[in-house]
Amino acid sequence: MSAEIPTSQSEFPDSSTQASDPAQSVDGQSARVVQSGVAPEGRLVQFQLAAFADHLKRSGVRFLPAAGEPEVAVLADQFAKPTSPQAPSADPIEAATQASAATQAPNQPASTAPTTARPQQEAVQQETVQQETAQQETVQRKTLPALPAAGSALPEIGIAGSYTEPSMAAENRIEILHQLSGAVAACQRCSVLAKCRKHTVFGDGNPTPRFVFLGEAPGQDEDHAGLPFVGPAGQLLTKMIQACRLSREDVYLLNTIKCRPPQNRNPSATEIEQCSEYLQTQLNVLQPEYIVCLGLIAAQSLLNSELSVGKMRGRLHSYHSSKVLVTYHPAYLLRNTGAKKAAWDDLQLMLRDAGMM
Ligand code: SF4
């Protein structure tokens, strides 16, 4: 596996040459290994590594140190160990979170069976898990939402053109975001919101994210904590992120406006307009590969559209050089649990585009 990680700038796979088939989308070296008979799990890991390396390249990383033999051995061992099968939840996001946790779970605790019986038990267990994994992958592939065909009759929406700033190193991003956060904390542009708020909620997460999740406005819990998505809707968002095999630390979370509207009313058009400069600067600094718009306010404001969520979801849009996915806000999903499947379909569409599925 270590041989597939590029170790210099010249070895980074070029995303412009990527095709939809993982076997063809990685650099020539990986493609050769795939053709030489790597198991499906190995292909997935190779594809994810190539996508991750591409993200690092976009983030300004130009060199990756070669992995040491002992660390590679430990990782390889973890991939080889079976994980215990778990009864899938009826909730599609919960089930995906469980599946994600299972694939990332540490090694099983040591068995209490006699040591002479253990190798045989482990072999049977491994074979069962492999069969179940193959069955799940077959079902998953059949149920993956399809990307809309090129030339679709749906209207184009989004903001064209590249970001105005070049991609920055992580330390510069942290510095600029820190300064902007100070400006937001002192902001009085919306007199009503500035009077009502306990804290401004600037945003939080990885300064070099591949994925950004954009909400509407802080709620009561966020206003108290000064952090985005910390209430019940935030907990569901955390599960959605984990279902994508990511953690909150991998992504960046932010809102369209930075102050809580009284009684959680929708932000006014004027408030959105007055706060848009902060959001645009944040995105200009972060320049994620994907922006997930959670709910109507975020989607309409970012994409400058009046379409409903129903009309915007199910395909990818653009905001400068970022791809934009529109889906339901987790607060809406808490009230309408039947929409969770549609939200998970949306996330899978993005994951498939990102080479993570
Ligand atoms: S919502 Fe934005 S523009 Fe309005 S007061 Fe808060 S930080 Fe300032």
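This note goes through the ligand site and the cavities of the structure.

1. The model is predicted, with local features needing pLDDT of at least 70 and side-chain atom pairs counted only at pLDDT 80 or more, while totals for chains, interfaces and linings use all residues. Residues are numbered from 1 along each chain as its sequence is written, and side-chain values use heavy atoms, leaving out hydrogens and water.

2. Around the ligand stand Val184, Cys187, Arg189, Cys190, Leu193, Arg197, Lys258, Cys259, Gln274, Cys275 and Tyr278 (a residue counts if one of its heavy atoms lies within 4 Å). This shell comprises seven nonpolar, one polar and three charged residues (Ala, Val, Leu, Ile, Met, Phe, Trp, Tyr, Cys and Pro are nonpolar, Asp, Glu, Lys and Arg charged, and the others, Gly among them, polar). Helix α11, residues 269-286, contributes the most to the shell, with three residues (helices are DSSP runs of H or I with at least four residues).

3. Two cavities of 30 Å³ or more are found in the whole structure (on a 1 Å grid over the protein atoms alone, a cavity is a set of points where a 1.4 Å probe fits but cannot get out, and lining residues have an atom within 4 Å of a point). The largest cavity holds about 110 Å³ of space (the volume filled by probe spheres set on the points, which are joined across faces, edges and corners), and of its 15 lining residues, Cys187, Cys190, Cys259, Cys275 and Tyr278 are the closest to its centre.

4. The ligand takes up the space of this largest cavity (a molecule sits in a cavity if more than half of its atoms lie within 2 Å of its grid points). The lining has nine nonpolar, two polar and four charged residues; α8 (191-196) and α11 each supply at least two residues of the lining, and the largest share, four residues, comes from α11.

Terms used
On a 1 Å grid over the protein atoms alone, a cavity is a set of points where a 1.4 Å probe fits but cannot get out, and a pocket is an open set with protein on both sides within 12 Å along at least five of seven lines; lining residues have an atom within 4 Å of a point.
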